[in-house]
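The sequence and structure come first.

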Amino acid sequence: MSVEPRRIENQLTDKGFVPVYTTAIIEQPWDSYTEQDHATWSTLFKRQREILKGRACAEFIDNQERFGMAAGQIPRFEEINALLAKTTGWQLIGVEGLLPELDFFEHLANRRFPVTWWIRRPEQIDYIAEPDMFHDLFGHVPLLLNPVFADYMAAYGRGGVKAHGVSAEALVNLTRLYWYTVEFGLIRQDGALRIYGSGIVSSKGESIHCLESDAPNRIGFDIKRIMRTRYRIDTFQKTYFVIDSFEQLMEATRPDFVPIYAELATQPAYPAAAVLETDTLIHRGSGEGWATDADA
Ligand code: HBI
Ligand code: FE
């Protein structure tokens, strides 16, 4: 599809300048997707599913199957929404791309997940700087079928709306929580490390790097530690935080964050690669049966 999404401005965030689009809700123009769009979906879907065998958490693949997501063609939002309506009550809405943060938080608080309606061009197949439909639909949507994670995402949205009224620093703290859980989170399952973060599962290189490289730190989940830790958007993550369960995430959002924001406002942030004595370092372990990069 040749239609270029309309950019309206660049928003300065602590991720630097990010393109921010209109906040309009757009019906998925499924009939206008070209053969090339479907082929891009198919290439990415097959490649990532191969790499994620033994790497992604169990719920991720199971839920893609429950949605009937397949390589053959781009899924229809209306079919995804029919199952979500009967289970966790989430709905997908089509958008141009990144939304201003308050709009984004309000959607999450109301169980609406914004999904970019366009898919990347073939020349962007290995990397795109902003969330396209593949990142959102393949990466974020499967876990919205998990009741506890679905509740976490709605609680996160409510927290985001509140934080927006507290301060810009509170927003930065909360954005770090999203980054190190929803986008780049790892989970321990049956004693092994698995991926649940959407930014990882939609990335070929990082799906391998996050579990098998000796470079990054892997630290046990600690909400204040996360909120104080900067992150990088231009490289693989220097640090991954590891949860034991989605319930652990949900529990972490129960307390009122305002006192935490106040405490953190008096303390400096940590660089992305920092390791503290108080950190619980997690060993990466070895994964049996991982498809290697060469296989992918
Ligand atoms: N908008 N469409 C869209 N998708 C996102 O993931 C998104 C966003 N706006 C803001 C945002 N994410 C970040 O600020 C989150 O880290 C909170
Ligand atoms: Fe995302």
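## Pocket

Strand 1 (7–13), strand 2 (16–21), helix 4 (101–109), strand 4 (112–116), helix 5 (133–140) and helix 7 (168–183) each contribute at least two residues to the lining of the largest pocket. Helices (H or I, at least four residues) and strands (E, at least two) are DSSP runs, numbered from the N terminus. A pocket is an open set of points on a 1 Å grid over the protein atoms alone, where a 1.4 Å probe fits, with protein on both sides within 12 Å along at least five of seven lines; lining residues have an atom within 4 Å of a point.

The lining comprises 45 residues, and Ala129, Glu130, Pro131, His135 and Trp179 lie nearest the centre of the largest pocket. By class, 22 are nonpolar, 12 polar and 11 charged. Here Ala, Val, Leu, Ile, Met, Phe, Trp, Tyr, Cys and Pro count as nonpolar, Asp, Glu, Lys and Arg as charged, and the others, Gly among them, as polar. The largest pocket holds about 1,100 Å³ of space, the volume being the space filled by probe spheres set on grid points joined across faces, edges and corners.

## Model and conventions

This is a predicted model, in which local features need pLDDT of at least 70 and side-chain atom pairs count only at pLDDT 80 or more, while totals for chains, interfaces and linings use all residues. Residues are numbered from 1 along each chain as its sequence is written, chains are lettered from A and ligands numbered from 1 in the order in which they are written, and side-chain values use heavy atoms, with hydrogens and water left out.

Because His140 lies in helix 5 and Glu183 in helix 7, the pair ties together parts 43 residues apart in sequence.

His140 is buried, with a relative accessible area of 4%, and Glu183 is buried at 11%. Buried means under 20% relative accessible area (1.4 Å probe, protein chains only).

An open sheet of 4 strands has the order 6-5-8-7 and mixed pairing. Strand 6 (192–195) and strand 7 (217–220) are the edge strands, each pairing on one side only. Two strands pair if DSSP finds at least two bridges between them. Strand 7 runs parallel to strand 8 (residues 239–243), joined by 4 bridges. Ile219 has Phe241 as its bridge partner in strand 8.

Methods. Buried < 20%, exposed > 50% of the residue type's maximum accessible area, 1.4 Å probe, protein only.
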